[in-house]
Amino acid sequence: MTRPSIDVRPGDLDLDEFRRVGYQVIDAIAAYHAGLATRRVIPDVTPAEVAARFADPLAADGEAAAALLADWQARVAPLSTPIGSPRHFALVNGSGAMIGILAEALAACINTNGVAWKMGPAAAAVERQCIRWFARFIGYPDDCGGVFVSGGTMSNFTAILTALRHVAPYDSTPGGLQDAARSGRFLLYMSDQEGHVSVMRVADMLNLGRAAVRLVPSRPDFTIDVAALDRMLVDDRARGDLPFCVVAQIGSVNVGAIDPLDALADVCARRGVWLHGDGACGLLAAGLPELAGRFRGLQRADSLSLDAHKWLGVPYDCGLVLVRERERMRRAFSITAPYLRSEAAVADGGSDALEYGPQMSQAFRALKVWMVLRHFGLDGLRAMLGKNIALARHLHGLVGAHPDFEVLHEPVLYLYCFRYVPRDLRGRDGEPEVTQAIDDLNRQVAEAVLRSGVAFVTTTRIRGRVALRMSICSQRTLQDDIDVTFDALAREGEAARGAARQLAD
Ligand SMILES: *Cc1c(COP(=O)(O)O)cnc(C)c1O
């Protein structure tokens with residue numbers, strides 16, 4: 001190896017080349033978006049085929065920026081699932097707000113490390129401002145604490161650890177939960193049908209054990225049964241366990257259920273338990289005046305999660321956790337080391353994000369949120385949210401009017417599930433082999449529509465039965481996209497049913 005020169009700047013581009021390729025990057029991004037509505041919703045390739053196209057070793061010589069862009073266009077973009085497609089309805093994937101693309105580049109430009117105030121005074125202030133804006137939008141105290149994290153799972157983690165440290169009858173910071181002199185299991189509670197699996201993940205991360213997540217019976221509308229919860233809290237405590245947190249659904253992941261927050265807040269206050277609202281996919285709806293009734297009591301929640309990369313469409317990744325009493329976050333997360341000290345900022349009223357959440361180094365996520373929110377404006381944001389809910393209601397109308405589909409729930413938000421039940425099997429769903437056959441049909445229908453490239457629809461289980469699931473949270477989706485998708489589902493259902501009947505004959 002030759003001796004490295006210590007008098008060069010090896011990572012930088014020549015500024016003229018940067019400009020030239022940079023403009024080409026913008027052209028490539030525009031071209032990608034121009035084609036979104038007509039692309040297949042998933043590339044037609046196998047994992048092995050994709051892997052084979054990315055098998056080349058890292059070359060010894062550095063490559064020009066233009067070559068890297070060309071390769072992105074040749075290999076990366078075409079082999080990516082266009083989550084921004086207006087007919088992408090999987091998971092709760094946000095559609096990607098275009099202003100956010102520019103924000104990502106601008107955040108990378110200054111490359112702020114949000115760990116501490118001194119590493120980015122503007123970033124710290126922008127973050128606070130976004131937290132204030134969100135809080136005012138949803139009707140939460142705007143002096144609350146908050147940090148941006150990678151997503152809902154980390155938001156839930158941050159809130160639930162804060163809850164644990166706050167509610168535990170002893171200081172769990174130095175000894176954790178390993179103190180041999182202590183007994184009783186720390187327990188948390190969520191709804192049985194629709195409680196989110198990320199809460200199990202949090203139980204894993206806190207090493208509470210998945211059994212520490214107690215599943216509370218839910219009502220026919222998938223909201224938590226508050227009286228049953230109250231009895232469980234009392235019984236569990238009587239047994240010597242330590243209930244510490246109730247996780248309320250604020251938009252459950254399949255049907256958009258919103259738990260009765262006021263009643264939950266009453267129970268939690270009475271039993272000395274933290275109330276966390278998991279609003280990863282639904283919390284923004286609290287900013288819609290027409291839904292205000294559903295969110296009564298929201299301001300009483302001790303903490304809330306909100307994923308900006310879902311409904312708001314901020315590019316991945318971006319979650320936000322809000323905690324009503326900011327100081328409780330600091331009590332849970334404050335940590336320091338000689339090389340991290342930044343007392344001056346704290347003394348001046350600035351604060352260091354690492355004192356309030358789990359991350360140390362962190363991206364300037366708030367910039368993309370700040371730009372996306374401002375690009376929408378309050379009215380634009382409400383219009384976008386309202387439109388998605390209206391599209392779910394439109395789909396609900398189509399399902400209800402078609403003889404081969406069954407309605408499973410009223411739409412609350414933009415998350416909607418329904419079941420393909422061919423008319424000749426109506427009334428027989430429940431006979432084990434018929435239910436099995438209908439479950440299979442639903443899987444086949446979703447798979448066939450996906451394979452056709454028309455729409456990305458998935459399945460889930462609703463009360464144990466396989467259902468079609470559509471998360472309509474793209475700001476690009478139009479009524480026609482719903483109609484085209486529903487027609488495709490009906491057509492594939494017809495085909496799959498015909499094939500199944502032939503087999504039976
Ligand atoms: C998506 C989601 C989560 C998890 O969020 P990630 O961003 O995927 O980590 C948690 N709860 C609910 C209700 C969600 O929809």
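This is a predicted model: local features need pLDDT of at least 70, side-chain atom pairs count only at pLDDT 80 or more; totals for chains, interfaces and linings use all residues.

Trainee: What does β5 do with strand β4?

Mentor: β4, residues 242-249, also pairs with β5 in the parallel sense, over five bridges. One place to look is A248, which stands opposite G277 in β5.

Trainee: What kind of unit do β4, helix α10 and β5 make?

Mentor: Follow the chain from strand to helix to strand. Here β4, α10 (residues 261-271) and β5 make a right-handed β-α-β unit.

Trainee: Are the residues of β5 buried or exposed?

Mentor: For burial, the cut-off is under 20% relative accessible area. Five of the five residues of β5 (274-278) are buried, so this strand is largely enclosed by the rest of the structure. Look at the directions too: W274, H276 and D278 point one way, while L275 and G277 point the other way, and all are buried.

Trainee: Now the wider view. In what order do the seven strands of the open sheet lie?

Mentor: Read across the sheet and you get β1-β7-β6-β5-β4-β2-β3, with mixed pairing. At the edges stand β1 (145-149) and β3 (213-216); each has a single partner strand, so one side of each is left without a neighbour in the sheet. From one strand to the next, the twist averages 20°. Helix α10 packs on this sheet, touching β4 and β5, and its direction makes about 155° with that of β5.

Trainee: How many bridges join β2 to β3?

Mentor: Four bridges join them, and β2 (residues 186-191) runs parallel to β3. Within that pairing, M190 has L215 in β3 as its bridge partner.

Trainee: What is the strand order in the open sheet of four strands?

Mentor: That order is β8-β9-β11-β10, and the pairing is antiparallel. The edge strands are β8 (405-407) and β10 (458-462), each with a single partner strand, so one side of each has no neighbour in the sheet. On average, neighbouring strands here are turned by 45° against each other, direction ignored.

Technical notes. Residues are numbered from 1 along each chain as its sequence is written. Side-chain values use heavy atoms; hydrogens and water are left out. Buried means under 20% relative accessible area, exposed over 50%, partly exposed in between (1.4 Å probe, protein chains only). Helices (H or I, at least four residues) and strands (E, at least two) are DSSP runs, numbered from the N terminus. Two strands pair if DSSP finds at least two bridges between them. A crossover is right-handed if, with the strands pointing away from the viewer, the path from the first strand over the helix to the second runs clockwise. Axes are lines fitted to C-alpha atoms, for helices over the stretch in contact, and angles run from 0 to 180 degrees between N-to-C directions. Contact means heavy atoms within 4.5 Å.
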